[in-house]
Amino acid sequence: MRRTAAGATAAALLVLSLSGCENGEGGPTGPEPAEPSNALIDRVEIVSEPAANGTYLEGEELVFHVLVTSGEDVEATGEVFLIFDLGLASQPAALAAHEAGRLEFRYEIRRGDYDGDGISVPEGELMFSPGATLRIGNADLDASVRELPADGQHRVFARFSPRDSLVFDTMLDRFPLDSLGLDGAIGCAGIEDFAGIVKAVLEGNAVGAATLFQVAWQTGTCATLNQGAPAIFLSAAIAEHRNEVYDLVLAYGPGAGPGGEETAANWWTLADFIAEPP
């Protein structure tokens with residue numbers, strides 16, 4: 001049967017009429033708009049741990065968790081960064097993963113990075129590359145970040161890298177261990193022995209420091225480290241005594257005992273006592 005133009009028009013009107021009945025008197029309507037998200041950044045945490053001695057070395061990774069008040073999934077596009085303070089510089093940790101209620105940011109420690117007080121995060125906002133977004137539902141996440149104070153368990157020493165070739169030196173930039181009247185640098189097999197000598201010096205007790213060293217020297221747990229002797233950097237620790245920060249380094253190299261005998265071993269010493277080879 002051939003369909004006439006009048007019949008087609010009638011059919012179209014019938015479809016529109018039925019559609020209007022299904023969707024209400026106002027005709028077809030779209031979905032209700034989503035409620036704006038009220039999600040905020042609750043806090044920032046450092047969840048990584050240094051491999052040893054509370055101090056990150058070159059190549060280790062800092063991992064931050066940014067916790068969000070909403071438990072809904074966060075949708076991320078583009079590059080997003082958390083700005084943190086590393087020593088005197090501000091650095092970006094990049095968004096590496098996200099899930100409901102949490103964003104994860106990462107930063108790899110680079111040669112030359114140093115923070116004697118510990119990593120901190122200033123009050124501010126997340127940083128976005130052009131076109132990047134963080135959204136929950138149909139709303140942008142509030143990117144405001146609260147301050148995270150410096151944490152002494154997350155210090156950074158990347159002046160040297162593990163297995164770097166070094167030499168023992170006596171050039172002291174700021175530390176008065178030369179008040180012991182010894183030739184060359186000194187080191188101890190245990191960090192506790194060396195830290196005790198350092199604390200005595202910081203308290204102005206040069207006699208006490210010398211006594212501690214002499215006793216440990218006689219027992220072979222401390223030694224003199226001759227200037228220019230080769231060494232290999234192993235690890236580091238940054239310590240503090242009465243707000244005075246000092247850097248300790250563990251290096252493998254020769255040390256001289258009370259009888260003049262030379263013994264190669266691992267020695268804790270001040271970072272100021274070692275240098276890159278000429």
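Phe157 is buried, with a relative accessible area of 1%. Buried stands for under 20% relative accessible area, exposed for over 50%, and partly exposed for values in between (1.4 Å probe, protein chains only). The model is predicted: local features need pLDDT of at least 70, side-chain atom pairs count only at pLDDT 80 or more, and totals for chains, interfaces and linings use all residues. Residues are numbered from 1 along each chain as its sequence is written, and side-chain values use heavy atoms, leaving out hydrogens and water.

**Aromatic pairs**

Phe233 is also buried, at 0% relative accessible area. Phe160 is buried too, with 1%. Rings of Phe, Tyr and Trp (its six-membered ring) pair if their centres lie within 6.5 Å; planes under 30 degrees apart are called stacked, over 60 edge-to-face, and the rest tilted. The structure holds seven such aromatic pairs. In one of them, the rings of Phe157 and Phe233 have centres 6.3 Å apart and planes at 25°, so the pair is stacked. Phe157 lies in strand β14 (residues 155–157) and Phe233 in strand β18 (residues 230–241), so this pair ties together parts that are 76 residues apart in sequence. The rings of Phe160 and Phe233 have centres 5.7 Å apart and planes at 50°, so that pair is tilted. It links distant parts of the chain: Phe160 sits in the loop between β14 and β15 (165–168), Phe233 in strand β18, 73 residues apart. Ring pairs join Tyr114, Phe157, Phe160 and Phe233 into a cluster.

**Cores and surface**

A nonpolar core is a set of buried Ala, Val, Leu, Ile, Met, Phe, Trp, Tyr and Cys residues joined through side-chain atoms within 4.5 Å. The largest has 40 residues, and Phe157, Phe168, Phe194, Ile197, Phe233 and Leu270 touch the most other members. Elements giving two or more residues to this core include α2 (191–202), α3 (206–218), β18 and β20 (262–270). Another core, of 31 residues, lies apart from it; among its members are Leu62, Val74, Phe105 and Ile136.

Strand β18 also holds Ile232. This residue is partly exposed, with a relative accessible area of 30%.

**Salt bridges**

A salt bridge is a side-chain nitrogen of Lys or Arg within 4 Å of a carboxyl oxygen of Asp or Glu. A search of the whole structure finds eleven. Three of them are listed here.

| Salt bridge | Closest N to O |
|---|---|
| Glu45 and Arg43 | 2.9 Å |
| Glu99 and Arg102 | 3.2 Å |

Arg111 is partly exposed, at 42% relative accessible area. Glu58, Arg111, Asp164 and Glu276 are linked in a network of salt bridges. Glu45 is partly exposed at 29%, and Arg43 at 39%. Glu99 is partly exposed at 40%, and Arg102 at 26%.

**The whole chain**

The protein chain has three helices and 21 strands. These are DSSP runs numbered from the N terminus: helices (H or I) of at least four residues, strands (E) of at least two. Of the 278 residues of the protein chain, 42% count as buried.
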